[in-house]
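Subject: Structure for your review

Dear colleague,

Please find below the structure that I am handing over to you. My findings follow it.

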Amino acid sequence: MDIRFIQSQHHRIATVVTRKDGVRLSVPVYGPLDPIPHDLAHYVLELELGLEDGFWGSVAAGALFEGIHILAGRQGPHATDRSRAVLAAHRQGIGISEVLVGWIMDVVKGTSLGNEPLPIASPLVRTRADQAALLARLRPAIEAMCTRWGAVPPGGTLLVVWPDRPARLERASHRRAARQH
């Protein structure tokens, strides 16, 4: 799935997605734009962690969140039912992703974490040590994306690709192939 973050001349952005089924979507821009757009932070975090049930994995699976509009293409039969089913099945993953994006962006902006645990129940983050390890894992990718986004001129586009085959499944497939040889 192609995701285009388009920088406007007026410090606004637009996000246009082309799913693997050929449907083109306009995704509304929510949240802060600095240092990167909120949904671009979702992309980095979800890709790095292999979260198939976060925001972008849900969109790729056919979910249409409130405000998303179809620009071109035709959805398959029962697309509305599929969207509802994906949103219901991914509810927890979407929530975890949302909390983690807010947390990592606060860290990147220099906000102190304090001693409070993250307000989520996730196997990714159970202790302060888990938080530190997760931060160490995510920070380089987020900072690299901040640099990429900062280089996009007004009117320019940053293209990122959400894999059709989730990274976690790809890694499992490689491990199985290695064991068979």
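In what follows, a residue is called buried when its relative accessible area is under 20%, exposed when that area is over 50%, and partly exposed in between (1.4 Å probe, protein chains only). The model is predicted, with local features needing pLDDT of at least 70 and side-chain atom pairs counting only at pLDDT 80 or more, while totals for chains, interfaces and linings use all residues. Residues are numbered from 1 along each chain as its sequence is written, and side-chain values use heavy atoms, with hydrogens and water left out.

The protein chain contains 6 helices and 5 strands; these are DSSP runs (helices H or I, at least four residues; strands E, at least two), numbered from the N terminus. Their order along the sequence is β-β-β-α-α-β-α-α-α-β-α. Of its 181 residues, 39% count as buried.

Histidine 78 lies in the loop between strand S4 (69–72) and helix H3 (79–89). Its phi is near 65°, a positive value in a residue other than glycine. Most residues other than glycine have a negative phi. Histidine 78 counts as exposed because its relative accessibility is 62%.

In H3, the buried residues are Ala79, Ser83 and Val86. Viewed down the axis of H3, they fall within an arc of 65°, so they line one face of the helix; the arc is that of the directions from the helix axis to the C-beta atoms. Exposed residues Arg84 and Ala89 sit on the face of H3 turned away from its buried side.

Helix H5 (residues 128–150) has 23 residues and should span 33 Å at 1.5 Å a residue, which agrees with the 31 Å between its end C-alpha atoms. The expected span is 1.5 Å times one less than the number of residues. H5 bends by about 35° at leucine 138, and proline 140 follows within four residues; the bend is the angle between axes fitted to the seven residues ending there and the seven starting there.

Leucine 40 is in contact (heavy atoms within 4.5 Å) with Phe5, Met145, Trp149, Leu158 and Val160, not counting residues up to four places away in sequence.
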